[in-house]
Amino acid sequence: MFKINNSIMVQLKTEAEINIMRESGKITSDVLKLIANNIKPGITTKELDEIADQFITASGGIPAFKGYGHDKNNLYPSTLCVSINDEVVHGIPSKRKLKEGDIVSIDVGVKYKNYFSDSASTFSVGKIDSEKQRLMNVTKESLEIGIQQAVAGNYVGDISNAVQQYVEKAGFSVVRDLVGHGVGKDLHEDPQIPNFGKVGEGLKLVEGMTLAIEPMVNAGKYKVVVGDDGWTIRTKDGSPSAHFEHTIVVRNGNAEILT
Ligand code: MF3
Ligand code: CO
């Protein structure tokens, strides 16, 4: 989800490739289910990471985020990104314990038979306040509404605009500095999928495009800052943030969700 400005090279997938991506996506979605069953007050984010790492390896996959990065001296060290409350994305697992009232965004990527899948969900830890619950609901719904626009013949901007409109009507804001992306033979392929934009703008969607759509939604303002670890992204205003992501295939008709 890093923003790069170069010319666009979209890799359309064959049905044979999509079949492999569906297998990859199943591992990714099973990781999120497994993590959901283990989230509770007192567990450390590192313990969650170990559970995910073991499951992926036992499934014949490779954690996609471990060793990823543009700075050779600070590659991403873990299987999961675990981002708590005002952390938006890319939180590094540690000895930090989850506590009642937290919301925690879990992002996971798997490489399986050389094809990547990428998915994220935000979970509640015990009982959370109603505004955090509304933030989670709106973010999840904004992903569903974005996916509804991912139909051949529509434009990338139709996805972006649908997500933004839905989020802003709810009084929340979409992060601008990080975007969704193509996914498949690489974790990050073209095109970028921003969570803000105009109807009809950008690339026209074609059957066989595989995309990771991933709204990151802040309860407050959209601005974010990077932490001292060079990875953890937080809201600038300290407000809580949520993140939902699916890997999908564009079809002539409703998109197919692979995760
Ligand atoms: N889902 C995120 C993305 O699309 C996760 C990347 S974590 C990283 O970029 F460590 F791989 F950068
Ligand atoms: Co992604």
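Q: Two strands pair if DSSP finds at least two bridges between them. Which residue in β4 is the bridge partner of Leu80?

A: Before we look, please keep in mind that this is a predicted model. The bridge partner of Leu80 in β4 is Val108. Further along, Val82 has Ile106 as its bridge partner in β4. Strand β2 covers residues 80-84, and five bridges join it to β4 in the antiparallel sense.

Q: Which other strands are joined to β4, and by how many bridges?

A: Let's take them in turn. Strand β1, residues 62-63, is joined to β4 by two bridges, and these strands run antiparallel. Here Pro63 stands opposite Val110. Strand β5, residues 115-124, pairs with β4 over ten bridges, again antiparallel. In that pairing, Val108 stands opposite Ser119.

Q: How many residues lie between β4 and β5 in their hairpin?

A: Two residues lie between these strands. As a general idea, most residues other than glycine have a negative phi. In the turn, Lys113 has a positive phi of about 45°. Asn114 is in the loop between β4 and β5, and its phi is also positive, at about 75°, although Asn114 is not a glycine.

Q: Is Asn114 buried or exposed?

A: The number to read is the relative accessible area: under 20% a residue is buried, and over 50% it is exposed. Asn114 has 52%, so it counts as exposed. Compare Asn85, in the loop between β2 and β3, where phi is near 55°, again a positive value in a residue other than glycine. Asn85 counts as buried because its relative accessibility is 14%.

Q: How many residues of β2 and of β4 are buried?

A: In β2, five of five residues are buried. Both faces of this strand are covered, with Leu80, Val82 and Ile84 on one side and Cys81 and Ser83 on the other. In β4, residues 103-112, nine of the ten residues are buried. The cut-off works for loops too: Phe65 sits in the loop between β1 and β2, and Phe65 is buried because its relative accessible area is 7%.

Q: Which residues coordinate the cobalt ion (ligand 2)?

A: To read a metal site, look for the donor atoms around the ion and then for their places in the chain. The cobalt ion (ligand 2) is coordinated by Asp118 (OD), His181 (NE2), Glu214 (OE) and Glu245 (OE), at 2.1 to 2.3 Å. In sequence, these donor residues follow the spacing D-x62-H-x32-E-x30-E. Asp118 in strand β5 and His181 in strand β7 (residues 180-182) link distant parts of the chain, 63 residues apart. Asp118 counts as buried because its relative accessibility is 3%, and His181 is buried because its relative accessible area is 4%.

Q: Why is the arrangement of donor atoms around the cobalt ion (ligand 2) irregular?

A: The angles tell you. The six donor atoms subtend angles of 68 to 169°, and this makes the arrangement irregular.

Q: How many cavities of 30 Å³ or more are there?

A: Start with the general idea: rolling a probe the size of a water molecule over the atoms shows where empty space is left. Here the count comes to two cavities of 30 Å³ or more.

Q: Which residues line the second largest cavity?

A: Its lining consists of Cys81, Ser83, Val88, Val89, His90, Ser105, Ile106, Asp107 and His243. The lining residues divide into four nonpolar, four polar and one charged. Strands β2, β3 (87-89) and β4 each supply at least two of the lining residues. The largest share, three residues, comes from β4.

Conventions: Residues numbered from 1 in each chain as written. Chains lettered and ligands numbered in written order. Predicted model: local features only at pLDDT ≥ 70, side-chain atom pairs only at ≥ 80, totals over all residues. Heavy atoms only, no water. Buried < 20%, exposed > 50% of the residue type's maximum accessible area, 1.4 Å probe, protein only. Helix = DSSP H or I, 4+ residues; strand = E, 2+ residues; numbered from the N terminus. Donors = N, O, S within 2.8 Å, 3.2 Å for Na, K, Ca; no water. Tetrahedral: all angles 85-135°; square planar, octahedral: opposite > 155°, others 65-115°. 1 Å grid on protein atoms, 1.4 Å probe; cavity = no way out; pocket = protein on both sides within 12 Å on 5 of 7 lines; lining within 4 Å. Points joined across faces, edges and corners; volume = space filled by probe spheres on them. Nonpolar A, V, L, I, M, F, W, Y, C, P; charged D, E, K, R; others polar.
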